[in-house]
Amino acid sequence: LGIPYNYTLLWDADLERLVEQCAGLVSLVTTSHSEGAYAPGGLHAWIQGLAAPADLAFLSGGIATLLNNPLTATWLPGSMKKVSYHEDLLLLFWRLCELSPTFVQATLKNGNTIHRIIGPMLYYVYTNRLDPGKLGLINIGIYNLLLLSGERNFAVRLNSPYEDTIVFDFWSFSGCYADLVVMVIHSLMVGTNHRLLLLYDCLLTIITNLSPYIKSLGLVPANKLVHLFELFSSK
């Protein structure tokens with residue numbers, strides 16, 4: 001005999017569905033259009049008016065925690081419920097960043113939070129790059145990177161060593177977050193889904209935006225950049 005354990009002892013299925021539906025609803029409402037233009041409403045105004053540090057930290061920290069949830073290993077198998085609505089979370093994060101510059105700056109101010117968001121974001125984009133059914137997920141991940149790459153603080157944060165527990169299957173990968181971004185972008189642009197061709201301009205813009213602030217790259221990521229240069233200069 002032993003002490004029974006399982007996430008079902010404390011799991012609230014109704015609460016999980018509520019969180020998933022709320023994330024999708026907020027994303028839907030904030031992207032609604034009226035006669036070809038954004039239709040501002042009470043929710044837009046509320047998001048744009050967010051200023052309390054506690055509220056901003058709650059939002060960014062909650063998104064980071066849920067994005068990492070499916071990728072978190074535990075000592076006891078089955079002890080933690082895995083959620084799978086990361087696409088809704090990435091869309092929500094994108095809308096929050098678009099509507100609230102204050103949210104962006106507050107998130108970038110906390111290096112731990114932005115690293116906990118960028119790590120799983122890159123992982124989901126990378127692991128789904130060959131799946132035609134996940135094109136929407138890849139698009140929203142790239143749009144998030146494009147938006148954040150325009151922020152100096154984000155580019156500077158990428159110089160931090162990659163110490164996340166999320167494992168990529170890159171050959172002998174080690175380095176900083178900037179190395180990881182380059183490796184993922186190269187993987188997306190070379191030998192992958194042809195439907196990603198429309199994202200090439202976005203991917204090259206991300207590299208351009210980040211390049212002035214990246215202090216160094218590892219040997220493998222640097223070679224990937226040279227390969228991209230050779231690939232596009234020969235066309």
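Guide: Let's start with a term: a nonpolar core is a set of buried Ala, Val, Leu, Ile, Met, Phe, Trp, Tyr and Cys residues joined through side-chain atoms within 4.5 Å. Buried means under 20% relative accessible area, exposed over 50%, and partly exposed in between, with a 1.4 Å probe and protein chains only. This is a predicted model, where local features need pLDDT of at least 70 and side-chain atom pairs count only at pLDDT 80 or more, while totals for chains, interfaces and linings use all residues. Residues are numbered from 1 along each chain as its sequence is written, and side-chain values use heavy atoms, leaving out hydrogens and water.

Visitor: How many helices and strands does the protein chain have?

Guide: Elements are DSSP runs numbered from the N terminus: helices are H or I with at least four residues, strands are E with at least two. Here you get eleven helices and two strands. From the N terminus on, the order is α-β-β-α-α-α-α-α-α-α-α-α-α. Of the 235 residues in the protein chain, 39% are buried.

Visitor: Which residues touch the most other members of the largest nonpolar core?

Guide: That core has 60 residues, and I142, F154, F168 and V184 touch the most other members. Eight helices each supply at least two of its residues: α3 (53-68), α4 (86-99), α5 (101-109), α6 (111-127), α7 (135-149), α8 (152-157), α9 (177-189) and α10 (200-210). α9 gives the most, with nine residues.

Visitor: What is I142 in contact with, leaving aside its neighbours within four places in sequence?

Guide: Contact means heavy atoms within 4.5 Å. On that basis, I142 meets V125, L188, L199, C202, L203 and I206, leaving aside neighbours within four places in sequence. Zooming out to contacts in the protein chain between residues at least 6 apart in sequence, 70% join residues at least 24 apart.

Visitor: At what angle do α9 and α10 pack?

Guide: Two packed helices are described by the angle between their axes and the distance between the axes. Axes are lines fitted to C-alpha atoms, for helices over the stretch in contact, and angles run from 0 to 180 degrees between N-to-C directions. For α9 and α10 the angle is about 160 degrees and the axes are 10 Å apart. The pair is therefore roughly antiparallel (under 35 degrees is roughly parallel, over 145 roughly antiparallel, 65 to 115 roughly perpendicular, the rest oblique). V181, I185, L188 and M189 in α9 meet Y200, L203, L204, I206, I207 and L210 in α10. By class, that's ten nonpolar, no polar and no charged residues (Ala, Val, Leu, Ile, Met, Phe, Trp, Tyr, Cys and Pro count as nonpolar, Asp, Glu, Lys and Arg as charged, and the others, Gly among them, as polar).

Visitor: Is F93 buried or exposed?

Guide: F93, in helix α4, counts as buried because its relative accessibility is 1%. Not counting residues up to four places away in sequence, F93 touches I63, F103, T107, I117, M121, N144 and L148. F93 and F103 are ten residues apart in sequence and 9.7 Å apart in space, C-alpha to C-alpha.

Visitor: Where is H115 placed?

Guide: H115 lies in helix α6 and, at 13% relative accessibility, counts as buried. Leaving aside neighbours within four places in sequence, H115 is in contact with P120, R157, S160, D164 and Y177.
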